Amino acid sequence: AYDETAAIYGYSIDDYKGLSTDFGFSYHQGIFGVSGSWHSNWMDVAVGENIQTVKFDVNVQDENSKWGVDVNCTLPINKEMETPLVNAEGFVRVTQSVRAVLSLNDLINLYKGETRTYAGIYEGRGGAAALLLKFVF
């Protein structure tokens with residue numbers, strides 16, 4: 001537990017009671033694919049995990065892998081509904097072994113210019129954009 005007056009975390013040794021469930025689906029047709037999952041922690045929640053996590057992913061990729069787009073969304077649900085984590089990535093194959101990639105992470109917080117809170121009190125970067133060259137060997 002976090003002690004706000006001392007600004008430190010304390011700890012105690014207790015038995016961990018875990019009960020979690022996972023549900024997932026995926027569908028692929030031609031160049032289009034969609035998948036999703038729902039992870040639930042029904043008893044104790046491990047550090048770094050959410051009480052509920054819902055994920056959704058959509059991707060489209062050329063049959064010859066000349067280009068592709070992937071958009072995914074993760075919705076962390078704890079005591080309150082948190083801001084979804086939305087990522088997008090697209091690529092174009094320049095040569096057989098080189099791809100140009102545009103990667104956008106945490107789009108909502110990137111757009112709003114806000115940070116992302118984790119572990120209840122810490123803040124991390126709220127979004128990033130990158131233009132990359134990937135070499136495939």
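Predicted model: local features only at pLDDT ≥ 70, side-chain atom pairs only at ≥ 80, totals over all residues.
Residues are numbered from 1 along each chain as its sequence is written, and side-chain values use heavy atoms, with hydrogens and water left out.

As for confidence, the mean pLDDT of the protein is 89, and 97% of its residues reach 70 or more, pLDDT being the predictor's confidence in each residue, from 0 to 100. Confidence is lowest in strand β1 (residues 2-3), with a mean of 71, and highest in β4, with 97.

Now to the sheet. Seven strands form an open sheet in the order β3-β4-β5-β6-β7-β8-β11, with antiparallel pairing, and two strands are taken to pair if DSSP finds at least two bridges between them. At the edges stand β3 (20-29) and β11 (128-135), each with a single partner strand, so one side of each has no neighbour in the sheet.

Within this sheet, strand β4 (residues 32-41) is joined to strand β5 (residues 52-61) by nine bridges, and the two run antiparallel; here Trp38 stands opposite Val54 in β5. Strand β5 in turn pairs with strand β6 (residues 67-77) over 10 bridges, again in the antiparallel sense, and across this pairing Asp57 faces Asn72 in β6, while Val58 stands opposite Val71 in β6. The hairpin of β5 and β6 has five residues between the strands, and there Ser65 takes a positive phi near 60°, although Ser65 is not a glycine.

Let me turn to charged side chains. How many salt bridges does the structure hold? It holds three, a salt bridge being a side-chain nitrogen of Lys or Arg within 4 Å of a carboxyl oxygen of Asp or Glu.

One of them brings us back to Asp106, whose side chain meets that of Arg116 at 2.8 Å, N to O. Asp106 lies in the loop between β8 and α1 and Arg116 in strand β9 (residues 116-118), so the pair ties together parts that are 10 residues apart in sequence. Arg116 is buried as well, with a relative accessible area of 17%.

Another salt bridge joins Glu89 and Lys134, with the closest N and O atoms 3.8 Å apart. This pair links distant parts of the chain, since Glu89 is in strand β7 (residues 85-95) and Lys134 is in strand β11, 45 residues apart. Glu89 is partly exposed at 32% relative accessibility, and Lys134 is partly exposed at 36%.

There is also a salt bridge between Lys112 and Glu114, whose closest N and O atoms are 3.7 Å apart.

Finally, Arg99 lies over the face of Phe91, at 4.3 Å from the ring centre; a charge sits over a ring if NZ of Lys or CZ of Arg is within 6 Å of the ring centre and within 35 degrees of the ring normal.

Conventions: Helix = DSSP H or I, 4+ residues; strand = E, 2+ residues; numbered from the N terminus. Buried < 20%, exposed > 50% of the residue type's maximum accessible area, 1.4 Å probe, protein only.
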